[in-house]
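Q: How should I read the features of a protein model such as this one? Please show the structure, then take the terms one at a time.

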Amino acid sequence: MDLITLDRIKTAHPKLRDSLMAQYIECNNKLGKYVRLRFAYVYRSNKEQDALFNQRPKVTNAKGGQSIHNYGLAFDIVLLLDKDKNGTFEAASWDTVTDFDGNGKSDWMQVVEYFKSKGWVWGGDWKSFKDAPHFQFDYGFDWQTLKARVDKNITIVDNGIIYPRI
C-alpha cells in the first residue's frame with residue numbers, strides 16, 4: 001500500500017473514511033505488482049483550493065469552498081509505476097489508456113470502473129471540464145449546500161478539520 005495515500009484517507013469526511021480505506025485497499029490489490037494507486041488529494045482547505053484555482057494552466061473551475069474536496073468528500077488519483085521493477089515506484093502517470101500491468105485492461109480505467117461500481121461519481125464523465133483524476137461521493141449534496149452547512153455551523157470537527165454534518 002501507499003503510505004501517503006493511507007495518511008490522506010485520514011482527511012476524508014469521517015462518514016466515508018472507513019469505507020474509502022477498504023475500497024482503496026481492494027482496488028489497489030486489483031492492480032499489477034508494478035502499479036500502485038495513489039490519492040493525490042483528498043481533503044483540501046479553501047486556501048489550497050484557491051491556489052489550485054489560480055494556477056495556470058487551468059486545473060480547476062472551483063474556488064475555495066466550491067469544491068467537494070473542501071468537505072472531504074472527494075479524491076484525485078495518480079498511478080505510481082515501478083518501471084525498473086526494483087520495488088520502488090519512481091514514476092507518476094495520469095495516462096488513462098496504457099495497460100502497465102499487462103492484464104489486457106487500462107490500469108486507469110480499472111480504477112475508474114472499480115470506484116464507479118462503489119457509487120463514486122467520476123469527473124471523467126462530466127460534460128464540461130472533464131476531470132479524469134477526480135472522484136466524489138457527495139451524498140446528493142452540491143457544494144452550495146455543503147458550504148451553507150459549514151457557514152451555519154452544522155458541522156463536526158475531526159483531527160482539526162471542520163466537516164459539514166451529513
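A: Start with exposure: a residue is buried under 20% relative accessible area, exposed over 50%, and partly exposed in between (1.4 Å probe, protein chains only). The model is predicted, so local features need pLDDT of at least 70 and side-chain atom pairs count only at pLDDT 80 or more, while totals for chains, interfaces and linings use all residues. Residues are numbered from 1 along each chain as its sequence is written, and side-chain values use heavy atoms, with hydrogens and water left out.

Q: Which class does asparagine 159 fall in?

A: Asparagine 159 is exposed because its relative accessible area is 65%. Asparagine 159 sits in the loop between strand 6 and strand 7; helices (H or I, at least four residues) and strands (E, at least two) are DSSP runs, numbered from the N terminus.

Q: How do strand 6 and strand 7 run, parallel or antiparallel?

A: Two strands pair if DSSP finds at least two bridges between them. Strand 6 (residues 155-158) and strand 7 run antiparallel and are joined by 4 bridges. Threonine 155 has proline 164 in strand 7 as its bridge partner. The two strands form a hairpin with 2 residues between them, and asparagine 159 is in the turn.

Q: What is the volume of the largest pocket?

A: On a 1 Å grid over the protein atoms alone, a cavity is a set of points where a 1.4 Å probe fits but cannot get out; a pocket is an open set with protein on both sides within 12 Å along at least five of seven lines, and lining residues have an atom within 4 Å of a point. Grid points are joined across faces, edges and corners, and a volume is the space filled by probe spheres set on the points. The largest pocket holds about 550 Å³. Its lining has 27 residues, of which Val59, Thr60, Trp126, Asp131 and His134 are the closest to its centre. Strand 1 (35-41), helix 3 (46-53) and strand 5 (134-136) each give at least two lining residues.

Q: Is histidine 134 buried or exposed?

A: Histidine 134 is buried because its relative accessibility is 4%. It lies in strand 5. A polar contact is a pair of N or O atoms within 3.5 Å; within protein, one must be able to donate a hydrogen and the other to accept it, and residues adjacent in sequence count only if both atoms are side-chain atoms. The side chains of histidine 134 and histidine 69 make such a contact at 3.2 Å.

Q: What is the volume of the second largest pocket?

A: The second largest pocket has about 170 Å³. Helix 5 gives the largest share of its lining, 3 residues.
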